[in-house]
Amino acid sequence: RVILYDDGNSNWATRVFWTLEYYGHGGKVSILNGGFSQWERERRDITTIIPRVERASFRSGAQKEKLATREYLIANLKNPGIQVLDARSVKEYTGEDRRAARGGHIPGAVNVNWTDHLVPEAAVFKPTKQLKELYETAGVTGDREVIIYCQSGMRASHTYFVLRLLGYPRLRVYDGSWQEWGNDPTLVIE
């Protein structure tokens, strides 16, 4: 079992979560809700002693069904069995905040800002019921494969984790994300 945490909003921890799942460590990875900051706020024990950990072996193998490439996304843009999900801010989604050569979003993508997963003052995940309502309201349901992107794959990994937590069975992270899509003038945008 691997338990991941960071000192912020779990963005780095969820990126490692997705990476471990991609390499076949699925089902044995957890996120510490609220990370180290929440641990400290709750006044839990902290140590500076580095523990001795027994060596273990792990055979990795890419789980290609967890990754969307640009080619896969292009081939499936009009596939009704796939939902493209933009995890960036509303301003990035509309093109007002442009972080690539072009602003906007991938055609057909719906937008749910990854920060909506968190209780703002604590950076802990909102209750499952609220998260489920957030995605159902946006039309993102578990009956379709969901391809998630952001600017570079980090925020998409956060969304990947939340949707996994909610039981969505078919998820892919488009790792090239807007950094790749928005900078390629041959690709269509909205």
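Start by selecting residues 145-149 and 171-174: these are strand 8 and strand 9, which pair in the parallel sense over 3 bridges. (A strand here is a DSSP run of E, at least two residues, and a helix is a run of H or I, at least four, numbered from the N terminus; two strands pair if DSSP finds at least two bridges between them.) Show side chains and you'll find I148 opposite V173 in strand 9.

This is a predicted model, where local features need pLDDT of at least 70 and side-chain atom pairs count only at pLDDT 80 or more, while totals for chains, interfaces and linings use all residues. Residues are numbered from 1 along each chain as its sequence is written, and side-chain values use heavy atoms, with hydrogens and water left out.

Now widen to the whole sheet: 5 strands, open, parallel, in the order 3-9-8-4-5. Strand 3 (67-68) and strand 5 (110-111) sit at the edges with a single partner strand each, so one side of each has no neighbour in the sheet.

Next, pick helix 1 (residues 11-22) and helix 6 (residues 154-165), whose axes come within 8 Å and cross at roughly 70°; axes are lines fitted to C-alpha atoms over the stretch in contact, with angles from 0 to 180 degrees between N-to-C directions. The two helices are therefore roughly perpendicular (65 to 115 degrees). Contact (heavy atoms within 4.5 Å) involves residues including W12, F17 and W18 of helix 1 and M154, Y160 and F161 of helix 6.

Finally, zoom out: the protein chain has 7 helices and 9 strands, and its C-alpha trace spans about 55 × 40 × 30 Å along the principal axes.

Technical notes: Parallel < 35°, antiparallel > 145°, perpendicular 65-115°, else oblique.
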